[in-house]
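The following exercises are meant for a reader who is meeting this structure for the first time. Please keep the sequence and the model in view while working through them.

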Amino acid sequence: MDLEEKLARLPDHPGVYLMRDAKGEIIYVGKAASLKNRVRSYFRGQHPPRTQVLVSHIADFEYILTDNEVEALILECNLIKEHRPRYNVSLKDDKSYPYIKITTQEQFPRLQITRSLARDGSRYFGPYTNVGALRETLKLLRGLFPVRTCRETPLQHRSRPCLNAHINRCLAPCSGKVSPEAYREAVDNIILFLEGKHTTLVKELKEKMEAAAERLEFEKAARLRDQLRAVQEVCARQKITDAGGDDADAVAFAREGEAALGLIFFSRGGKVIGRDHFFLTGTEGLSRGEIMAALLKEYYSRGVEIPPQILLHDEPDDAATIASWLGRLRGGRVELKVPKRGSKLKLLQLVHENAVSLLQEHLLVRQRQEEGGRAALMELQQALGLPRLPRRMEAYDISNFQGSSAVGAMAVFVDGRPLTSAYRRFQIKTVKGPNDFASLQEVLSRRFRRAAGQDPRFAELPDFVLIDGGLGQLHAAREVMAAMGVAAIPTFALAKEEELLFREGSPEPVRLPRDSRALQLLQHLRDEVHRFAITYHRQKREKGAYRSVLDDIPGVGPKRKKALLRHFGSVARISQATLEELLAVEGMNRAVAARILEGLGRKNNGEHPAGSP
């Protein structure tokens with residue numbers, strides 16, 4: 001069925017549409033109240049340049065019907081996150097801010113720092129742009145409300161609590177020193193504090209302190225008094241903005257040319273407690289309403305906290321649908337508001353001014369980086385006599401431990417800056433034992449063979465190849481590259497310590513000045529590929545260590561392995577378990593538990609063999 005026939009058959013119904021190019025790849029995902037009207041509009045009339053380019057690449061499309069426009073918006077967000085289409089607006093975060101995570105789904109929740117959000121039932125607070133301030137907050141919280149910070153899940157009973165309990169930094173639920181109700185009360189107080197509901201927390205602490213004093217529980221009253229004073233002191237230090245005392249997010253964005261930046265201020269109880277910003281891509285030719293709508297959908301689909309009110313600098317397209325969708329995510333009504341006067345308008349103006357300032361700062365930094373990167377590339381071209389500017393540079397490294405778990409890595413720089421999406425990892429398949437030269441040859445042959453086979457991940461050839469090592473590694477690499485027909489690519493090896501550059505056919509190494517930008521660029525590239533290789537090797541070794549402990553034990557399959565790890569938390573703790581403790585694991589029987597002990601070199605009575613610690 002051709003496009004015209006498919007367009008004629010489109011239903012007048014809410015849904016999501018997916019545009020595909022000639023290769024079948026999804027290049028755009030959109031939603032519509034009427035698929036018939038929306039999709040046809042792409043092929044009728046005049047459009048902005050960006051939309052014209054999109055339409056020129058559309059070879060086919062498909063659609064998914066939904067019950068209503070809100071359902072379509074939910075599906076659109078999920079599909080955009082899944083496929084990351086080229087022509088959809090995307091948030092690019094140039095940093096990874098930490099969050100405070102409270103595992104509220106557990107009987108005795110834990111307090112910890114994380115840099116990733118997951119829909120696991122936990123409560124997340126943040127992001128925190130100042131890591132020092134975050135650690136100070138955690139230190140305060142642990143002093144005020146000493147909940148556990150250990151990673152054990154589920155919590156195992158202990159006869160003696162850990163050191164944190166002895167220094168009053170944990171209520172020691174593992175030893176039964178606190179009831180689940182009392183522990184949950186401490187957790188609720190932490191949540192109140194992090195939500196910015198200090199007034200409620202102060203009131204509750206004051207009431208509990210007075211009640212404890214009336215019951216003549218003076219030690220408890222004194223402890224509550226100290227908590228109350230600490231909370232009041234923190235409240236006094238908070239920056240206050242008169243935004244009506246509500247819980248709200250204030251959202252604005254700035255753009256200049258093709259660059260755009262979105263900024264969110266978090267206000268809780270009238271106090272600004274943090275902010276976050278993102279770079280926006282794919283905004284060319286879009287109206288401000290379209291950009292604001294895309295920003296809201298992208299940001300709030302990430303699992304972040306959604307307040308009851310979101311203040312906006314610009315009116316978004318499909319505001320009613322987005323508000324309904326946010327309400328579903330939050331489990332309560334969400335109001336999208338564009339203030340026209342008063343303190344909320346002033347707050348949004350402040351957010352917008354900050355967004356403009358951040359964007360200008362980013363553009364200036366990027367300009368200097370581009371200028372510095374180009375200067376380094378020109379310096380490198382001149383110093384090494386390269387035939388052209390090395391815009392795309394690739395580096396290779398091998399990592400192994402006594403010949404085991406050998407891996408290879410490829411790092412890529414474009415215009416002097418890392419292109420992490422092009423980094424590649426290689427598991428060494430044909431080499432046995434510690435042979436870095438043969439491993440390097442395997443990696444390079446696979447890389448250039450895939451380029452010859454038109455693999456899109458390896459299609460673009462480098463202008464410059466850097467090998468982490470000396471003359472031996474260089475000769476091994478050049479032998480493969482000559483056989484693969486890519487010997488014309490300039491290739492060098494950078495040796496550590498003296499930082500000497502070796503090239504084929506030259507008896508003397510090249511010694512670049514220590515303070516030269518060219519050498520610093522090569523060092524950065526070499527360090528990147530080394531880091532990438534080491535990280536992959538460590539992951540592979542850890543996985544191998546886990547497999548070596550359990551996978552060879554009869555009766556321990558994937559399900560039992562998962563249950564063991566969930567119950568004990570680590571392989572090390574499994575190796576210390578007694579027979580009775582193993583039998584407490586879900587799905588475990590005595591025969592398999594005995595084989596685990598035998599496989600770990602343990603006796604069935606749970607004691608360590610002679611000579612072991």
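The model is predicted: local features need pLDDT of at least 70, side-chain atom pairs count only at pLDDT 80 or more, and totals for chains, interfaces and linings use all residues. Residues are numbered from 1 along each chain as its sequence is written, and side-chain values use heavy atoms, with hydrogens and water left out.

**Exercise 1. Describe the sheet that contains β5, and what covers this strand.**

Step 1. Helices (H or I, at least four residues) and strands (E, at least two) are DSSP runs, numbered from the N terminus. Two strands pair if DSSP finds at least two bridges between them.

Step 2. The order β6-β5-β7 describes an open sheet of three strands with antiparallel pairing. Its edge strands, each pairing on one side only, are β6 (111-114) and β7 (123-125). Neighbouring strands are turned by 30 degrees against each other on average, direction ignored. Axes here are lines fitted to C-alpha atoms, for helices over the stretch in contact, and angles run from 0 to 180 degrees between N-to-C directions.

Step 3. Four bridges join β5 to β6; Lys101 has Gln112 of β6 as its bridge partner. Three bridges join β5 (residues 99-102) to β7, where Phe125 is the partner of Ile100.

Step 4. In a regular strand the side chains alternate between the two faces of the sheet. In β5, Tyr99 and Lys101 lie on one side and Ile100 and Ile102 on the other, and all are buried. Buried means under 20% relative accessible area, exposed over 50%, and partly exposed in between (1.4 Å probe, protein chains only).

Step 5. Helix α7 (residues 180-194) lies across β5, β6 and β7, at about 155 degrees to β5.

**Exercise 2. How many disulfides does the model contain?**

Step 1. A disulfide is a covalent bond between the sulfur atoms of two cysteines. The rule applied here asks for a pair of cysteine sulfur atoms within 2.5 Å.

Step 2. The closest cysteine sulfur to that of Cys150 belongs to Cys170 and is 6.3 Å away, which is too far for a bond.

Step 3. The count by this rule is zero.

Step 4. As for accessibility, Cys150 is partly exposed because its value is 37%, whereas Cys77 counts as buried at 5%.

**Exercise 3. Which residues do ring pairs link into a cluster?**

The residues are Tyr17, Tyr28 and Tyr42. Rings of Phe, Tyr and Trp (its six-membered ring) pair if their centres lie within 6.5 Å; planes under 30 degrees apart count as stacked, over 60 as edge-to-face and the rest as tilted.

Technical notes. Contact = heavy atoms within 4.5 Å.
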